[in-house]
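Hi,

Here is the structure I promised to pass on.

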Amino acid sequence: TGLIAYHPEHFLSEKEYIHAMTHCKMVVTTIGMPGRFDLVGTRYYEVLSLGSSLLIAERAQGINDHAHLPKPHFSDKQQTPSNAHSDHLAYSGVLEDLIKENETVAMFGSVEEFIDKALFYKNNFENAQRLIDTGHKRVQQHSWDNRAELIVTALQDLHKSNGRQNVEQVSNLE
């Protein structure tokens with residue numbers, strides 16, 4: 001297949017981990033506790049923020065049920081992952097704008113689909129680069145600073161609305 005897998009025999013130090021991640025063309029990750037919680041770990045953010053590797057992630061079951069869609073095969077340049085599905089499948093909640101299949105990440109639901117996508121992107125890296133670039137751009141909105149600002153704004157809005165309710169309650173007593 002021409003694919004080379006790097007799977008270290010030991011726990012990587014932070015420096016080794018960053019080196020490995022920045023020198024991979026593709027990073028494969030699975031979800032935690034599939035079918036029960038479908039946990040999305042920090043690796044999603046890590047890979048996208050590096051902007052150097054394609055993230056190929058296991059598709060969460062139940063969130064993006066795509067059983068009604070035809071199984072994609074990516075053996076030729078004419079059928080790209082972006083036109084194999086008619087819609088973009090996304091994780092719900094806060095990740096909705098970040099984790100979008102065929103837009104910011106490649107996803108798989110079986111070993112066969114993983115192999116199809118890995119070979120497709122290996123042989124058509126310009127398509128992988130489009131996902132890498134889009135994912136890298138979008139993850140910039142998900143910094144600690146941006147999240148803190150979002151929380152502060154939400155708390156300020158809540159405080160303002162509670163203040164108005166208190167004033168209205170006093171006015172109603174008069």
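Let's start in the sheet: β2 and β3 run parallel and are joined by three bridges. Strands here are DSSP runs of E with at least two residues, helices are H or I runs of at least four, and both are numbered from the N terminus. Two strands count as paired if DSSP finds at least two bridges between them.

Before I go on, the ground rules. This is a predicted model, so to speak of local features I need pLDDT of at least 70, and side-chain atom pairs count only at pLDDT 80 or more, while totals for chains, interfaces and linings use all residues. Residues are numbered from 1 along each chain as its sequence is written, and side-chain values use heavy atoms, with hydrogens and water left out.

**The sheet**

The sheet is open, with three strands in the order β1-β2-β3 and parallel pairing. β1 (26–29) and β3 (106–108) are the edge strands, each pairing on one side only. On average, neighbouring strands are turned by 20° against each other, direction ignored; axes are lines fitted to C-alpha atoms (for helices, over the stretch in contact), and angles run from 0 to 180 degrees between N-to-C directions.

β2 (residues 54–58) runs parallel to β1, with four bridges between them. On that side, M26 faces L54 and T29 faces A57. A57 also stands opposite M107 in β3. Four of the five residues of β2 are buried, so the strand is largely enclosed by the rest of the structure. Buried means under 20% relative accessible area, exposed over 50%, and partly exposed in between (1.4 Å probe, protein chains only).

**Helices around it**

Helix α2 (residues 43–50) packs on the sheet and touches β1 and β2, its direction making about 160° with that of β2. Contact here means heavy atoms within 4.5 Å.

V139 is buried, with a relative accessible area of 6%. Its C-alpha atom is separated by 9.2 Å from that of E46, which is 93 residues away along the chain.

**The chain as a whole**

The protein chain has six helices and three strands, running α-β-α-β-α-β-α-α-α from the N terminus. Of its 174 residues, 31% count as buried. Among contacts between residues at least 6 apart in sequence, 65% join residues at least 24 apart. The accessible surface comes to about 11300 Å², 56% of it belonging to carbon and sulfur atoms (Shrake-Rupley method, 1.4 Å probe; for residues, only the protein chains shown count as cover).

**The largest pocket**

The largest pocket has a volume of about 890 Å³. For your own comparison, a pocket is an open set of points on a 1 Å grid over the protein atoms alone, where a 1.4 Å probe fits, with protein on both sides within 12 Å along at least five of seven lines; lining residues have an atom within 4 Å of a point. Points are joined across faces, edges and corners, and the volume is the space filled by probe spheres set on them.

Of the 25 lining residues, I4, A5, Y6, C24 and M26 lie nearest the centre. α1 (14–22), β1 and α4 (111–123) each give two or more residues to the lining, and α4 gives the largest share, four residues.

Cheers
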